[in-house]
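Please look over the sequence and the model below. A short report on selected features comes after them.

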Amino acid sequence: MKEVKPALSTNPPSEVDRLSSLPDCLIFQIFLNLPTKDVVQTSVLSTRWKTLWKDVHGLDFGTEDFNTHETFMSFVDNFLERNRGLSIHLFKVTYDSSYKPDLVIRWVDTAVRLKVEHLDVSDDLSAQDIMMNPTYINPWALEKLISQCPVLENVSIDRIYGDGMPILRGTSENPKMVDLTVIARTWNLLSSLEHVDIERPLKGEALEMALVARVKPARSTNPPSEVDRLSSLPDSLILQIFLNLPTKDVVQTSVLSTRWTTLWKDVSGLDLDAEDFYIRETFVSFVDNFLERNHGLSIHRFKLKYDSFYFEEPAGLINGWVDTAARLKVEHLDVSDSFSEWDPMMNPTVLYTCSNLVSLRLMGMGLPNPERVSLPSLKTLVLILIEFTKKWALENFISKCPVLENFCFERSYDDGIPILRVHSKSLLTFMHDAGYHEDYEEEDRFVEIDAPMLKCLKISDDRTSSFIIKSPPSVVEADIDTVFNLTSERSLGIANEVQKREMVRDFLVGISKVKDMSISSSALELPVFRNLYTLRVRFDSYMWEMLPVFLEVCPNLKTLVVGTSENPKMVDRTVIARPWNMLSSLEYVDIERTLKGEALEMTLVGYLLENSPNLKKLSLSLDDSLKKGESVHKLTLSLDDAPKKEESDIFIELLNFPRLSSSCQIIVR
């Protein structure tokens, strides 16, 4: 039975950030069709996007997006201030009447001065009447307003009881005014109503139809210029956007307008999950039709997820599809089988010589040793729970990919590869995940890495005994989580133990030029990491006292993040007690594990404060039981703070710790 566990992030880098390749002007155009809340959230995507949202000439949000009224008001004021002297496209604000009327009126006046094109102001609190509500002091005010709009084409009025307008005249000189909608509303909205069943047979009488009209879907009141803005984009750009969406979502766009009815069929990519189909034959037919429509063309992506248990001959079916996709010069191929009982053999005849293939991701299947492999364009290879018929098949495969840059291998415990050699002159990123399977005993496995251009190395592996690095690369980022198959239940002879330690040290020397490292192992003898500026360590609880060993070999370290694994056991160690060198370069420390005030934890905090002359900030989290009062969410303790009687013992202890750095702050989360 195959081992199934959460997969590493395996999206090909070439597909992750496609939108960022668009020019700013086009991204702004897309942003104008999104709520401001969603636009602001794009700031976390990349450095480029961090402040991009601030240049959007449109605002669309409401008070419900904010915890406090003050934050909401400040955001609106900042938007108007940023656009001073410019023109804005959209100003859409939803508020309630608890705000002062003059504040909302001031915002509207400012937006008008900024030559706003689309203005939408809504008061959610309808129980009060203020000047911004649709009530009219003069009964002829609305009639006059309409008459002064010479190009007005669409009017929608949702009337309320007592709006002060006994007679409504809609008079316009514009012959194009074709849409005038008036809803006379006397009663409150039925805001919670979801289902209506009128059992009496209707005869079409006026009263009956009036009743139905009150519960029919509300008429869209968005200005026509805002409803279908995306349709103004050229087909080529819309199809490019569709390539980044699942096919299920792309097909649903066919209901948007007549133009979009068949547009989805022109997308040169397929991203389909068999779970989205009630009938398997419909899924098969959909894939067949896609390949038939693209006959004689090239396709960008072919991505399928299925369960081979539900297909009579899955191997032949999938192999046929993949072969056809390869003949159509597919660039990105992703095939995943979620069935975990057996592995259908993936043996398409054309795939391994597809000259256009840029990324390949396979999951849950068997691979043969193909007679001929030639993948001159392949840059990203992701293999998850794959079994091989010959132990050298993968090594041969990698060697025939001359421009391979990213290789992610999440291994099955019985994948048939006792020795994995990764030889590549172009490889930049290597991720190796083998995990641990407690019910399976196996011989030692070995991994040999010969990749002189390697920049990022990530290892999560409890079963591989030996990692060997040849042609030491200039690794910039490393994430090491392994015990080199050396557990407490497994004993080694003295000779083997010495050999193991030498291998571990040689491996770490091979990556000693790393600048950013995460490490989670307890069986390490460390070399000096002179280029390391950021270190993240994840220890079992009993290994916290080994931290000084790591810090002593990082003479230029500036940022330290201390995590923990889930192993709660403790053993007797007294490493911190011995004198250590000053941590002269350390500036920032973040202890992620919630502290409970145990002696070992406080000793660690004291060690960092007493040995770091340039430390600027130490951040930590305390267990709720150590805080006095439930309102404590964040507290900054400076050196000149004096303990207060109402503060907990843990705060007082933190304040009393000697600090070598006079400017250091302790941030308690």
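Predicted model: local features only at pLDDT ≥ 70, side-chain atom pairs only at ≥ 80, totals over all residues.

Three strands make an open sheet, in the order S14-S16-S18, and the pairing is parallel. The edges are strand S14 (419-423) and strand S18 (464-470), each of which pairs on one side only. On average, neighbouring strands of this sheet are turned by 10° against each other, direction ignored. Strands in a sheet pair through backbone hydrogen bonds, either parallel or antiparallel. S14 pairs with strand S16 (residues 445-450) in the parallel sense, over 5 bridges. Histidine 423 stands opposite aspartate 450, which is in S16.

**Salt bridges**

How many salt bridges does the structure hold? There are 11 salt bridges in the structure.

| Pair | N to O distance |
|---|---|
| Glutamate 81 and arginine 84 | 2.8 Å |
| Aspartate 271 and arginine 301 | 4.0 Å |
| Arginine 421 and glutamate 448 | 4.0 Å |

Take the pair of glutamate 81 and arginine 84, whose side chains meet in a salt bridge. Glutamate 81 counts as partly exposed because its relative accessibility is 45%. Arginine 84 has a relative accessible area of 60%, so this residue is exposed.

Next come aspartate 271 and arginine 301, whose side chains also meet in a salt bridge. Aspartate 271 lies in strand S6 (residues 269-273) and arginine 301 in strand S7 (residues 301-306), so the pair ties together parts that are 30 residues apart in sequence. Are these two residues buried or exposed? Both aspartate 271 and arginine 301 are buried.

Arginine 421 forms a salt bridge with glutamate 448. Arginine 421 sits in strand S14 and glutamate 448 in strand S16, so the pair ties together parts that are 27 residues apart in sequence. Arginine 421 is partly exposed because its relative accessible area is 25%. Glutamate 448 has 13% relative accessibility, so this residue counts as buried.

Where does leucine 193 lie? Leucine 193 is in the loop between strand S5 (179-184) and helix H7 (206-215). Its relative accessibility is 43%, so leucine 193 counts as partly exposed.

How values were computed. Residues numbered from 1 in each chain as written. Heavy atoms only, no water. Helix = DSSP H or I, 4+ residues; strand = E, 2+ residues; numbered from the N terminus. Buried < 20%, exposed > 50% of the residue type's maximum accessible area, 1.4 Å probe, protein only. Pairing = 2+ DSSP bridges. Axes fitted to C-alpha atoms, helices over the stretch in contact; angles between N-to-C directions.
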